Amino acid sequence: MGKIIRSRIRAATILESIVALTILLVLFGISISLFVQVNLHGGSEKDVKAEQLLNEFSQATITEKRYFDEDIEKSGFILKKLVTEYPGKLGLLQIHYLVYDSNKKLLLDWNELVSNDNEA
Amino acid sequence: MGQGKFFQKKISGNSLIITIIIGLVLAILCSSLLLLFYYNRLWQSQVKIDRQLERNIQSGINLLLSDTSTIFVATPDTIDLFGDAENLIKTERERWGLFYIGLVEAYAANTKKAKLFLYGSKPEKYYDGCIYLADHQEALSLIGDTRLTGDAYLSGGGIKPGYINQRGYSFSRLLAGSIQRSKRDLPALNENTLEYLLALEKSTGDTSFLKSMDIIESDTLERSFGDTALTFFQHRRIVVAGKYLKGKIIIKSDSAIEVAKSAGLENVILVAPEIRFDAGFSGTVQAVATDSIIAEAGTSLHYPSSLVLVNNGNSIDGKRINIEKDCKLEGIILSIADSAHKQKTFVNIRSGTIITGIVYASGFLENLATIQGTALTDLFIYRNGASVYVNNLVDVEINRNLLSKYFISSPIFGNKKNNILAWVK
């Protein structure tokens, strides 16, 4: 037992140590680049904020019955709404919501159908 | 020292161990980060799909509710909402008594979300008043503490204070609302719904699905509105007692149905010539009868309930809906009679009862109750001993303003705008 504790393993060369550290560095680099990619393409803070603003915009449209085309700027985003009659259904409106960032890049868009209570 | 020598120089042996340990720690950190990113991304995409499905379901519901055509076609429909093949929904509707069942399913990325609901509609303008008395050239007389609040559709005879047993009208104002002229007949009912009610009464549907009530062994039976209706039918009197039945269930008898106080019914349909609710029963029921419906004292029927007396052509005397004392009904009371049967059809509502909704009585309506809503009838009657007074209202309150503006009734009264009554499973 005492022999095992006292026995020494062969020392590594600097080359071996550098190779090991390089591999670790590469792995770390890959994971950081993935992190950046995830942040850019899915669920960045910007996208979350954009979705939140579009949700508020959509809610306000329904509660205040603002069924007309509208563009508003809020917190550095441009929110857009396009209202058209839904084909073949009287009193039903299709609303296309879009949100752009300050560079006019489209971040998010969706469609909704709402009933036009004013016509009922 | 040459380069070759530098790399061959040995450093302390434990440096590799330290490197490996640091490496392991970093590897664990890196893999944890990768896993975190992966799950975060998965969660975000699921949330995104979920929100898209929610939006599409709401759009589908609006699409389904926008159909106010009087002819009802119950076909499932798969729709590409915005023509981009990314927003697919399936809508389905079906009659359920006086109301409709709506089903909307939305699909995206192998995920499905569905919502089931009962829906009805806002009725035509005639139901916005407190009274609609068909024009038989009889004036409406008010006696005692009668209070009418809301617009009234009255016959050419108008409205006046009356006297019964030397008792006059207690107030100076006859009506808190405007008077409009009624027509000779009550507002027409939707023919399509009438046909459905008659079919419900006559047919037993696909007999292979019919079951006897005796097969229900457990105390509770629940049937999803997404399934086909579970129909119990018996050629004898059915007594529903000590069971809790909920959902898409029809109980049908060719004789009579009695619902005991111990029974629990939720959104169930009862069909029989005679239907009786025992004193103290409480539930949400649609009862469709051809001869009589009796709600004993203290019965409580919650929204959306309905009591419907259909006219199947049987010419029996005394077709009636009797609602005894101290009952509560939220929904619709409807007696249907053609001109040949109007003189034999009665709706009797006793004092202490509160009706919240619509009372539509083809024939006679004897009302001693409070109606928070609308009463429509050919003739009001009031009995005092052996005497029967026509178009006299004695000590009753009919107040249209006490009915919520969000009250949704049945498309049988016309289909101005559909709306959801209740979410179901």
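## A residue pair in the sheet of chain A

In this predicted model, A:Leu82 has A:His96, a residue of β3(A), as its bridge partner. The strands concerned are β2 (residues 77-85) and β3 (residues 92-100) of chain A, which pair in the antiparallel sense. Eight bridges hold this pairing.

Helix α3 (residues 45-63) of chain A packs on the sheet and touches β1, β2, β3 and β4 of chain A. The direction of α3 makes about 20° with that of β4(A).

## The whole sheet of chain A

In what order do the four strands of the open sheet of chain A follow one another? The order is β1-β2-β3-β4, and the pairing is antiparallel. At the edges stand β1 (70-74) and β4 (106-115) of chain A. Each of these edge strands has a single partner strand, so one of its sides is left without a neighbour in the sheet. On average, neighbouring strands of this sheet are turned by 15° against each other, when direction is ignored.

## The extent of chain B

Chain B has three helices and 28 strands. Its radius of gyration is 31 Å, whereas the globule rule gives 22 Å for 425 residues. The value for chain B is well over that of the rule, so the chain is more spread out than a compact globule. Along its principal axes, the C-alpha trace of chain B spans about 130 × 50 × 40 Å.

## The two domains of chain B

Chain B is divided into domain 1 (14-122) and domain 2 (125-413). The C-alpha centres of these two domains of chain B lie 42 Å apart. Where the domains touch, 14 residues of domain 1 of chain B are in contact with 17 residues of domain 2 of chain B.

Which elements give two or more residues to the side of domain 1 of chain B that touches domain 2 of chain B? They are β3 (99-108) and β4 (111-122) of chain B. Of the elements on this side, β4(B) gives the most, with five residues. By class, the side of domain 1 of chain B that touches domain 2 of chain B has eight nonpolar, four polar and two charged residues.

## Strand pairing in chain B

An open sheet of five strands in chain B has the order β1-β2-β3-β4-β28, with antiparallel pairing. Its edge strands are β1 (77-80) and β28 (417-424) of chain B, each of which pairs on one side only. From one strand to the next, the twist averages 30°. Within this sheet, β1(B) runs antiparallel to strand β2 (residues 88-96) of chain B, and four bridges join the two. One residue pair illustrates the arrangement: the bridge partner of B:Thr78 in β2(B) is B:Lys90.

Parallel pairing is found elsewhere in chain B. Strand β11 (residues 220-223) and strand β14 (residues 244-247) of chain B pair in the parallel sense over four bridges, and B:Thr220 stands opposite B:Tyr244 in β14(B). Three bridges join β14(B) to strand β17 (residues 264-277) of chain B, and these two strands run parallel. In β17(B), B:Glu266 is the bridge partner of B:Lys246.

## Backbone details in chain B

The peptide bond from B:Tyr303 to B:Pro304 is cis, with omega near 0°. B:Pro304 has its place in strand β19 (residues 300-309) of chain B.

The other place is B:Gln137, which has a positive phi of about 60° although it is not a glycine. B:Gln137 is found in the loop between β5 (131-133) and β6 (140-143) of chain B.

## Confidence in the model

The model scores ipTM 0.75 and pTM 0.83. For chain A, the mean pLDDT is 82, and 82% of its residues reach 70 or more. For chain B, the mean pLDDT is 89, and 92% of its residues reach 70 or more.

Where in chain A is confidence lowest, and where is it highest? The lowest confidence is in helix α1 (residues 2-6) of chain A, at a mean of 53, and the highest is in β2(A), at 95. Where pLDDT is low, the predicted coordinates should not be read in detail.

How values were computed: Residues numbered from 1 in each chain as written. Chains lettered and ligands numbered in written order. Predicted model: local features only at pLDDT ≥ 70, side-chain atom pairs only at ≥ 80, totals over all residues. Pairing = 2+ DSSP bridges. Axes fitted to C-alpha atoms, helices over the stretch in contact; angles between N-to-C directions. Contact = placed C-beta atoms within 7 Å. Domains from an automatic or database assignment. Nonpolar A, V, L, I, M, F, W, Y, C, P; charged D, E, K, R; others polar. pLDDT = per-residue confidence, 0-100. Rg over C-alpha atoms; globule rule 2.2 N^0.38 Å.
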